[in-house]
Number of protein chains: 2
Amino acid sequence: VTADSPQPLLADRTPQPDGVPERLATQIRFLMEVDRLKDVLRRSPLLAADRRENDAEHSWHLALLAIVLAEYSDEPIDLGRVLALVAVHDLVEIYAGDTFLYDHDGTTSGQAEREGQAAKKLFALLPPDQSGTFHALWREFEDRLTPEARFAKAMDHLEPLLLNYFGEGGTWQAPGITEGMVLSRKAGIGDASTALWDYVRRLIGRSVDEGWLAP
Amino acid sequence: VTADSPQPLLADRTPQPDGVPERLATQIRFLMEVDRLKDVLRRSPLLAADRRENDAEHSWHLALLAIVLAEYSDEPIDLGRVLALVAVHDLVEIYAGDTFLYDHDGTTSGQAEREGQAAKKLFALLPPDQSGTFHALWREFEDRLTPEARFAKAMDHLEPLLLNYFGEGGTWQAPGITEGMVLSRKAGIGDASTALWDYVRRLIGRSVDEGWLAP
């Protein structure tokens, strides 16, 4: 699915019953369309099964990380808002696709524009007030101007890094990835949590020592 | 994996680096163990792909439903707490397995005890204070004594029902399932939201008319 795809909505294959309020029918169409997030594959291999992770289960895992690790935020955070941010943060990838953190080519350079178009298309499925809410949550996450967004983004950086460490390589085994690249791309964790950034540097250091990540 | 399985924790295959605070190392072990939720399969077929749903992506989908549909709660709810409840609600299935809503045999009868054992085992991986927090969230969800738990449970009932409706059958096609059974098992939706229960009854009615669900 691309941003200009004419593909019909998942819910439009089946008419809704008579007598359903228009607003609710609209909301349900959106909620069925986002089922597609379960079919957006990331690069990260799971620990629990021999397959790659999808965006939906990744988003859930961030919620768990946030609940357990909230105490390490350097700033006070509203955990409920962090949970809302992580639930919506990857929705634009339904139409824009996942972008690998270490991609350097045109894929990455067009990412912001592609995701902006995808957000416009996807959130337009909601009633106008909720479209605004979702746009605002997504922008908050991307812009990291609030403590909640910085912490949510730190979880988004931390989860695949943990999968790589405990998977003893994972996406770090892709050609051309080095310790310096990982440290630089993951530095946002330090903007949210000194303790977690210290932990991450230890994970990266041992990974290099063990040969799971190139120096 | 069963409640008394000697299977090692996913994170214990790989030692953590030196110098990591014990509390953080413990929390991370738990957060890696719950990766297993991505490998617990439910009965529901996805709309977006030709496979069954797993518990992790289901839990994420409930968060989206809660954000969009919160306005239909009959009682005021703290959305952030609902999001925490849905994130943790199925964790016990990592060790207890998924129980199909329409199963009537011994599987169901032992469910509560099996899940209690699983909760004890899984949440014991956390530091004691957080073990208490997770136990409390899970019990709150199961007992439905708060408006947030009633609404979270309603989302848990609603999501697979929507997948069945828009999938034009889904798990309703399993032998022996009837309209009456669905109405009775899903009645908890009405305890949280009159509007959503009205909607659900319309979905069920049309499903019977269309032959996706036996009368």
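Me: Which residues form one aromatic cluster with A:Phe30?
Reply: This is a predicted model, in which local features need pLDDT of at least 70, side-chain atom pairs count only at pLDDT 80 or more, and totals for chains, interfaces and linings use all residues. Residues are numbered from 1 along each chain as its sequence is written, chains are lettered from A and ligands numbered from 1 in the order in which they are written, and side-chain values use heavy atoms, with hydrogens and water left out. The residues that form one aromatic cluster with A:Phe30 are A:Phe123 and A:Phe134.

Me: How many aromatic pairs are there over all chains?
Reply: Rings of Phe, Tyr and Trp (its six-membered ring) pair if their centres lie within 6.5 Å, and planes under 30 degrees apart count as stacked, over 60 as edge-to-face and the rest as tilted. Over all chains, the count of aromatic pairs by this rule comes to eight.

Me: Why is the pair of A:Phe30 and A:Phe134 edge-to-face?
Reply: The ring centres of A:Phe30 and A:Phe134 are 5.3 Å apart, and because their planes are at 70°, the pair is edge-to-face.  The angle asked for is thus 70°.

Me: Is A:Phe134 buried or exposed?
Reply: Buried means under 20% relative accessible area, exposed over 50%, and partly exposed in between (1.4 Å probe, protein chains only). With a relative accessible area of 1%, A:Phe134 is buried.
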